[in-house]
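Here is a short briefing for a first look at a protein chain. Please keep the sequence and the 3D view open while reading.

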Amino acid sequence: MEKFMHAIQFAAYKHRFQKRKDPDQTPYINHPIGVAHILSNEVGVNDFDILAAALLHDTIEDTQTTFDELQQEFGPRIAGIVAELTDDKNLPKAERKRLQIANADKLSSDAVIVRLADKIYNLRDLNRCTPVGWSAERVKEYFEWSSKIVPQLFGHNTQLDTILKELFLQKNIRFD
């Protein structure tokens, strides 16, 4: 529990100046807290390392946090999960998106369930409101792109699988 609480504080500090792209400019920290909430409250995950990784999953990618810093603060397991979920921001966006599809099946089981909860949060958020500057077509493209990733991750958690299938069904997006 101590490590989990430290992760909340650490993530809140690291994301303190960031906002979501919704019209209300929601504080960004709501996103990683929401991902951890999905895992703990909807799926029953009680592994504090996985919940801490959910809170920290965007810190390397979106803040000045380094892998070594996470490893020192939280240990190799949590830092490793976060590293698996981190896109290389030095690459063009299209390449990062392609790599998420190509590498989805290479994630550890721990990283898979955080990735699935992250997708659930983002897809629900898109259903709730359209980000500033996004068209309906861009929202649909995000759902379609996600539908190329998540089926590769199915089988690790039945509840997450069911939630995602329902989200895609609501948008009439099919996958094989």
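The points below cover the core, the aromatic rings, the salt bridges and the surface.

This is a predicted model. Its largest nonpolar core has 53 residues. The structure also holds 13 salt bridges, and the count of aromatic pairs comes to five.

**Nonpolar core**

- In soluble globular proteins, nonpolar side chains tend to be buried together.
- In this model, the largest nonpolar core counts 53 residues.
- Leu 39, Leu 56, Leu 70, Val 114, Leu 160 and Leu 164 have the most contacts inside this core.
- The elements that give two or more residues to this core include H1, helix H2 (30–42), helix H3 (48–56) and H5.
- Helix H6 (76–84), helix H8 (109–128), helix H9 (136–149) and helix H10 (158–170) are also among the elements giving two or more.
- Which element gives the most to this core? H8 does, with ten residues.

**Aromatic pairs**

- A pair of aromatic rings is described by the distance of the centres and the angle of the planes.
- There are five aromatic pairs in the model.
- One of the pairs is formed by Phe 10 and Phe 74, and it is edge-to-face. The centres are 5.2 Å apart, with 85° between the planes.
- This pair links distant parts of the chain. Phe 10 lies in helix H1 and Phe 74 in helix H5 (residues 67–74), 64 residues apart.
- Are Phe 10 and Phe 74 buried or exposed? Both Phe 10 and Phe 74 are buried.
- Trp 134 and Tyr 142 form a tilted pair, because their planes stand at 50° with the ring centres 6.3 Å apart.
- Trp 134 counts as buried because its relative accessibility is 17%, under the cut-off of 20%.
- Tyr 142 has 12% relative accessibility, so Tyr 142 counts as buried too.
- Ring pairs join Trp 134, Tyr 142 and Trp 145 into a cluster.

**Charges over rings**

- Lys 97 lies over the face of Trp 145, at 4.7 Å from the ring centre. Trp 145 is also part of the ring cluster with Trp 134 and Tyr 142.
- Which residue has its charged end over the ring of Phe 143? Lys 171 does, 5.2 Å from the ring centre.

**Salt bridges across the chain**

- The model holds 13 salt bridges.
- Arg 128 and Asp 22 meet in a salt bridge through their side chains, at 3.2 Å from N to O.
- Arg 128 lies in helix H8 and Asp 22 in the loop between H1 and H2, so this pair ties together parts that are 106 residues apart in sequence.
- Why does Asp 22 count as buried? Asp 22 counts as buried because its relative accessibility is 4%.
- Arg 124 and Glu 42 form a salt bridge at 2.8 Å, N to O.
- This pair also links distant parts of the chain, with Arg 124 in helix H8 and Glu 42 in helix H2, 82 residues apart.
- Arg 124 is partly exposed, with a relative accessible area of 32%. Glu 42 is partly exposed, and its relative accessible area is 32%.
- Asp 62 forms a salt bridge with Lys 89, where the closest N and O atoms are 3.3 Å apart.
- Asp 62 sits in helix H4 (residues 59–62) and Lys 89 in the loop between H6 and H7, 27 residues apart.
- Asp 62 is partly exposed, at 23% relative accessible area. Lys 89 is partly exposed, at 45%.
- A network of salt bridges links Lys 3, Asp 47, Asp 49, Arg 77 and Asp 110.

**Surface and loop**

- Which residues form a nonpolar patch on the surface? Met 1, Met 5 and Phe 48 do, with about 310 Å² of accessible area together.
- Met 5 lies in helix H1 (residues 2–14). Met 5 counts as partly exposed because its relative accessibility is 46%.
- Thr 86 is placed in the loop between H6 and helix H7 (93–103). Thr 86 is partly exposed, with a relative accessible area of 21%.
- Thr 86 and Ile 113 are 27 residues apart along the chain, and their C-alpha atoms are separated by 14 Å.

Technical notes:
Residues numbered from 1 in each chain as written. Predicted model: local features only at pLDDT ≥ 70, side-chain atom pairs only at ≥ 80, totals over all residues. Heavy atoms only, no water. Patch = residues over 30% accessible without salt bridge, like charges linked within 9 Å, V, L, I, M, F, W, Y side chains within 5 Å. Areas by Shrake-Rupley, 256 points an atom, 1.4 Å probe, with all protein chains shown as cover. Salt bridge = Lys/Arg side-chain N within 4 Å of Asp/Glu carboxyl O. Helix = DSSP H or I, 4+ residues; strand = E, 2+ residues; numbered from the N terminus. Buried < 20%, exposed > 50% of the residue type's maximum accessible area, 1.4 Å probe, protein only. Phe/Tyr/Trp six-rings, centres within 6.5 Å; stacked < 30°, edge-to-face > 60°. Lys NZ or Arg CZ within 6 Å of the ring centre and 35° of its normal. Core = buried A, V, L, I, M, F, W, Y, C linked by side-chain atoms within 4.5 Å.
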